[in-house]
Amino acid sequence: MAQPDYRELAAVFAGGALGALARAALSTLTVDDPASWPWPTFAVNIVGAFLVGYFTTRLLERLPLSSYRRPLLGTGLCGGLTTFSTMQVETLKMIEHGHWALAVGYTASSIVLGLLAVHAATALVRRVRVRP
């Protein structure tokens with residue numbers, strides 16, 4: 001069995017800590033109310049989707065290969081920042097309180113806008129001219 005790359009694990013840990021701290025800070029801005037749109041979770045998931053598209057495309061197509069950039073920025077930072085599990089809990093709370101339309105709108109817009117954010121970031125990186 002191969003020895004784990006502890007520097008890669010440290011990169012994931014450091015990025016994840018930064019992402020989770022940013023998400024936790026944003027979540028303190030609003031009160032948990034199943035009858036209202038959960039803006040902090042929605043915002044970090046869309047921003048995180050954009051960043052994952054940006055980082056992945058830029059790191060794979062525009063920069064020299066690195067063993068630690070993707071684990072730090074993609075897996076760590078974006079993984080710590082985004083929170084699909086919180087989105088699911090918020091959606092279930094909406095449903096439990098009878099806010100079906102809000103739950104469907106929140107779930108559908110999170111998925112659609114997340115995919116559009118990844119696509120937009122990828123297109124943005126690919127539009128920028130590569131210098132020789």
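Is Y106 buried or exposed? Select Y106: at 0% relative accessibility it counts as buried (under 20% relative accessible area is buried, over 50% exposed, in between partly exposed, with a 1.4 Å probe and protein chains only).

Before moving on, know that this is a predicted model, where local features need pLDDT of at least 70, side-chain atom pairs count only at pLDDT 80 or more, and totals for chains, interfaces and linings use all residues. Residues are numbered from 1 along each chain as its sequence is written, and side-chain values use heavy atoms, leaving out hydrogens and water.

W37 and Y106 make an edge-to-face pair, 5.4 Å centre to centre with 80 degrees between the planes (ring centres of Phe, Tyr or Trp, the last by its six-membered ring, lie within 6.5 Å; planes under 30 degrees apart are stacked, over 60 edge-to-face, the rest tilted). W37 sits in the loop between α1 and α2, Y106 in helix α5, 69 residues apart.

Next, pick W39 and F42. Their centres are 5.7 Å apart and their planes at 85 degrees, so this pair is edge-to-face too. W39 is exposed at 53%, while F42 is buried at 10%. Show all four rings: ring pairs link W37, W39, F42 and Y106 into a cluster.

Last stop: α4 (84-96) and α5 (100-127), which pack at about 160 degrees with axes 7 Å apart. (Helices are DSSP runs of H or I, at least four residues; axes are fitted to C-alpha atoms over the stretch in contact, with angles from 0 to 180 degrees between N-to-C directions.) Contact residues (heavy atoms within 4.5 Å) include M87 and M94 of α4 and Y106 of α5.

Note on methods:
Helices (H or I, at least four residues) and strands (E, at least two) are DSSP runs, numbered from the N terminus.
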